[in-house]
Amino acid sequence: MSKRSLTASPSGRAKAKQAFQRTGWTQEYLAYQAGLETRQPVWKFFSGRPVERHVFIEICFQLQLNWEEVVELPPVEPEVAPVLPTPPEAVPVSIPPDETFAALKAKMRGWIERRCSYLQESLEAVQSL
């Protein structure tokens, strides 16, 4: 997570509010304990608004909570695998024992030349830009 601000999840806010009530502190005192100049970040924390990462962690520390259990995790986007072109002929998985390297080379030569010419055309197109 490289975001600069964090938000408390609904269940995390409930845990934080319970811990806050156990302390008997005011929001001003919690802000003082966390080294903040105003109570606004504390109010934002308890209302589920984004708070700077270091402030979020410090508030959780002062309330004796694990910040990782309080934070709302961003939705995870599934990674999309790139679609690669498939070769026109299937590459043999295994070579029969009677087939020599020269025969295999002759069989694959056309496919390799087509692939190389495609790459060459792509490189020339990029260079002409």
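Reader: At what angle do the axes of helix 3 (residues 40-47) and helix 4 (residues 53-62) cross?
Author: This is a predicted model, where local features need pLDDT of at least 70, side-chain atom pairs count only at 80 or more, and totals for chains, interfaces and linings use all residues. Residues are numbered from 1 along each chain as its sequence is written, and side-chain values use heavy atoms, leaving out hydrogens and water. Helices are DSSP runs (H or I, at least four residues) numbered from the N terminus, and axes are lines fitted to C-alpha atoms over the stretch in contact, with angles from 0 to 180 degrees between N-to-C directions. Helix 3 and helix 4 are therefore roughly perpendicular (65 to 115 degrees): their axes come within 11 Å and cross at roughly 80°.

Reader: How many nonpolar residues does that contact have?
Author: P41, V42 and F45 of helix 3 meet V55, F56, I59 and C60 of helix 4 (heavy atoms within 4.5 Å). No polar and no charged residues take part, and the nonpolar count is 7.

Reader: Which residues does F46 touch, beyond four places away in sequence?
Author: F46 is among the residues touching the most other members of the largest nonpolar core, which has 21 residues. With sequence neighbours up to four places away left out, F46 touches R13, A16, K17, F20, Q27, L30 and L63.

Reader: What's the phi of Q64?
Author: Q64 is found in the loop between helix 4 and helix 5 (67-70). Most residues other than glycine have a negative phi. Q64 has a positive one, near 55°.

Key
Helices (H or I, at least four residues) and strands (E, at least two) are DSSP runs, numbered from the N terminus. Angles under 35 degrees count as roughly parallel, over 145 as roughly antiparallel, 65 to 115 as roughly perpendicular and the rest as oblique. Ala, Val, Leu, Ile, Met, Phe, Trp, Tyr, Cys and Pro count as nonpolar, Asp, Glu, Lys and Arg as charged, and the others, Gly among them, as polar. A nonpolar core is a set of buried Ala, Val, Leu, Ile, Met, Phe, Trp, Tyr and Cys residues joined through side-chain atoms within 4.5 Å. Buried means under 20% relative accessible area, exposed over 50%, partly exposed in between (1.4 Å probe, protein chains only).
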